[in-house]
Amino acid sequence: MVEGLINGLFHAVQPWNLLMIFFGTVLGILFGSMPGLTATMGLALLVPFTFGMDPAAGLIMLAGIYVGAMYADAIPAILINTPGTPAAIATTFDGFPLAQKGMAQQALVTAAFASFVGSVIANLVLATSAEPLAEFSLKFGPPEYFWLGIFGLTIISVLSSGSIIKGYLTGLLGLIISSIGMASLSGDVRLTFGYPELQSGISLAGALIGFFCLPEILATIIGKGQETYVGESVRPSMKILLDTVSSLVKMPVLLLRSSLIGLVVGIAPGAGGNIASMVSYSEATRWDKNPEEFGKGTIRGVAASEAANSAMAPGSLIPLLTLGIPGSPPAAIILGALMLHGMRPGVELFSTYGGITYTFMMGLLVAAFAILIFGALGSFLFSWLITIPARSLAPVILLMTILGSYAIRNNLLDVWVMLIFGGIGFFLNKLSYHPAPLVLGFILGPYIEEGLVQSTMIGGAKGGVVYYMVSSPISMFLIGLCLLTAIWPFIFRNRLKNSFDLKTSKVRVGNLNADLLMGAFTLCVTAIVTLATGDLSFYGGLFVNFCIISTSLLGLIILIKGFLFPEKVNIFENSLERKRVILGFILFTGYILIIQYLGFFIASLVFVTSMHIYLSNRKINLMYFVSSCLLSLLITTSAHYIFSELLLVPLPTGFLIN
C-alpha cells in the first residue's frame, strides 16, 4: 500500500496531471462560489469531458472540482451571508460578522487554511485506513440515522443558549417544511396545495438563498440605504494573511477535532457536510474558553465549520472506494465516473486498478494544497468584491439569487418559493428568530423521517419499536450525545449566559410583541398542516404528526411567554425604511413576474437598470441613465451566456416571446 501511495503521488504531480488538478480546483471554486451551483452540478456537467481523457487525469480533475467546491461555498457565506451549499451554513455565523467588521480577508484566509487542514487530515486517513472505516459505516441503520438527525437538532440548544425555545421552535418549523412533497417510503403526497411541482419537495438552494441572502439585502442595502455591502472598509494585505495563518497554527486541537468530526460524519452514507459543519461548530462553541465570541465574528467559528466541511469530502469517498456506497451526492457522481471508465469499487479497485486509484487519492491530497494557494491569494480579490458600491453589487447578487434558485430544477416555482422564504426570513430576523435553525431542521427532516418510519416498520416486525431504536451501541451513544447537548446550556448557564444566541441584533424596544406574533403564527401553521394531512396513511403521517405535536407545544409555550414576559420590537426603525423595503420587495417581485412573460434576458435588463437607479443616492441625469443601461446589458449578457451557453441551463424565454 505504501508503495502504491508513493507511486500515486509521483503520478499526481506529473505536469499534465498537476495541471488537471489545478484546473479542476479553479472550476470547483467557480461553481462553489455561486449560490445554487453545487459540487454535484459541477461534477455532473464535467464528467462527460473525462470520457476521452486518460482515466487518471480525468478522475483527478474531478477530485479538484470536488475539493474546490467544498471550500468555495464559504466565499458567498462570508461575503454576502449566503451559504453556497448547506455545509456552509455554520460558516455564516462568524464569517459574515467578520466581513461586516472589515475583516473579510481574515475570514477567507481562515476558510482556506481550515479547508486545507481538514482535507489533508481526511485524505491521510482515507489513504491509510479506508477499509475498516468503511466497515464501521455499514453499522449505521435506520435507528442510528434517526438519532443522528435528532442530535443535529439538539445542536440548536448550544447555538441558542440565550433563547433555546426560539431555536427549537424555528427548527421544528423547518421539519414541517421538509415534509412538503411525496413521502419517500409511503408515497403519500403532502402539503402541495394543488401544485404538482411541489411533489418533489422544496428546493434546498431556494431555501438557503431565501432565508439568508434576501433578508440581508432587504434590511441593509435596500432598507437602510447602505452604500456598500460591508459595514467597514476592507484593506487586504499580505500581513493580514500571514497573521491569520499564524493564529490558526496555534489552534491545533480545534482544527484536528473539527477535521475528525467531518471525517466520521462523512463516512456515514448520506449524512453530508451540513451535519458535519454544524456538529463541529457546536463542539467548538461548547469547549471554547470564550464561547460568547462565537456568532459575533471569530475566526475560530469559521475554522471549525470549514475544517469539518472539507474533511467530509474525502470521508464520503471511503465507503465509495471500498464498498461502492457513495457517502454524498458528489461521491455518487464520482462513482458514475469510475464505472464509465470500467472501474468497479471494491478489492478490484485497489488490485487491478491500483495505479489509477492511488493517483486519484493523492490527487485529492494535492488539491488540498491547491485550495490553500488559491484561497489565500484569492482572498485579496474576494474581499475587495464587497467594497463595490451597493448600487452595482446588489442587483448582481439579486440576479444570482434568481439564477441559483432556478438552475437546480429549471422551475420558476422554486424562484417564487425563494421569494416567499426571503420575506419570511426578513420578518424572522426582525422578530429576533434567526432562520438558521429553520434551515437546519429543513435539511435534517428527511434523515429523521426515514429513520423514524423505517425503524417503526422494522421494530414493529420484531415486536418492539422502542427497543429496536435504542438497543444498539451506536444508538445509545448518540442518545447520550443528544441528552448532553440538550442540557449543556442549563448545566453551564453562568458560563454561557452571554454566549451566542440566535438573535440578529441587539435588543430593540418597540410596539410589537414578538413572541405573541410568533406563537400565534406557529399555531396557525400547525392547524393548517393538521387539516391538510388528515387523510394520510399511518406511515405517511407518522413524521408529520410528530412535527405537529412538538411544534404546537413549543408554539403554546412561546405564546404564554409573550403574555408573561413580552419582548417588544419594531419591524422597521422608521417610515423611510418601511417604504424602501416595501418598494424594493415589489420591484423584485415584479422582476420574477415579468420573467414569466418576457423571459429572463429582457426582464433582467429592466430589473438591473431599475435597481441600479433605485439604489443610487445621486440625481439621475441622461448620462447616468445611459451608463446604468450599459452596465445592465453587460451584467445580463454575461449571466445569460454563462448559464445558458456554458452550463446549458434552459433559461425562461417568456410566454409572450414564445
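The entries below begin with the chain as a whole and then turn to helices, helix pairs and single residues.

**Entry 1, the whole chain.** I noted at the outset that the model is predicted. I looked up the secondary structure and found 27 helices and four strands in the chain. I then asked what share of the 658 residues is buried, and the answer is 60%. For the contacts with a sequence separation of 6 or more, I found that 81% are between residues 24 or more positions apart. The chain exposes about 25,600 Å², and I wrote down that carbon and sulfur atoms supply 70% of this area.

I turned to α4, which runs over residues 55-72 and has 18 residues. From its first C-alpha to its last α4 reaches 26 Å, which is close to the 26 Å expected at 1.5 Å a residue. I also checked its burial: 17 of the 18 residues of α4 are buried, so this helix is largely enclosed by the rest of the structure.

Just after α6 I found Gly102, which takes a positive phi of about 85°.

I computed the packing of α18 (residues 390-407) against α19 (residues 412-430), whose axes come within 7 Å and cross at roughly 130°. An angle over 145 degrees would have counted as roughly antiparallel, and α18 and α19 are therefore oblique to each other. I recorded the crossing of α18 and α19 as right-handed. On the α18 side the contact is made by Thr401, Ile402, Ser405 and Tyr406, and on the α19 side by Leu412, Asp414, Val415 and Met418.

I stayed with these two helices to look at Asn410, which lies in the loop between α18 and α19. Asn410 has a positive phi of about 55° although it is not a glycine. Is Asn410 buried or partly exposed? With a relative accessible area of 36%, Asn410 is partly exposed.

I next took α9 (residues 164-178) and α24 (residues 514-532), whose axes come within 12 Å and cross at roughly 25°. Angles under 35 degrees count as roughly parallel, and α9 and α24 are therefore roughly parallel to each other. The crossing of α9 with α24 is left-handed. I listed the residues that make this contact as Lys166, Leu169, Thr170, Leu173 and Ile176 of α9, together with Asp515, Met518, Thr522, Val525, Thr526 and Val529 of α24.

I looked up Asn123, which lies in helix α7 (residues 104-137) and is buried, with a relative accessible area of 3%. Which residues does Asn123 touch, not counting those up to four places away in sequence? I found Pro314, Met361, Leu364 and Leu365.

Thr357 has its place in helix α17 (residues 354-385), and I found this threonine buried, with a relative accessible area of 3%. Leaving out residues up to four places away in sequence, Thr357 touches Met343, Leu349 and Phe350.

Ser627 is partly exposed, with a relative accessible area of 35%. I also took the C-alpha to C-alpha distance between Ser627 and Thr609, which is 9.2 Å, while the two residues are 18 residues apart in sequence.

Note on methods
Residues are numbered from 1 along each chain as its sequence is written. This is a predicted model: local features need pLDDT of at least 70, side-chain atom pairs count only at pLDDT 80 or more; totals for chains, interfaces and linings use all residues. Side-chain values use heavy atoms; hydrogens and water are left out. The expected span of a helix is 1.5 Å times one less than its number of residues. Buried means under 20% relative accessible area, exposed over 50%, partly exposed in between (1.4 Å probe, protein chains only). Contact means heavy atoms within 4.5 Å. Accessible areas come from the Shrake-Rupley method with a 1.4 Å probe; for residues, only the protein chains shown count as cover. Axes are lines fitted to C-alpha atoms, for helices over the stretch in contact, and angles run from 0 to 180 degrees between N-to-C directions. Angles under 35 degrees count as roughly parallel, over 145 as roughly antiparallel, 65 to 115 as roughly perpendicular and the rest as oblique. A crossing is left-handed if the near helix is turned anticlockwise from the far one by less than a right angle, and right-handed if clockwise.
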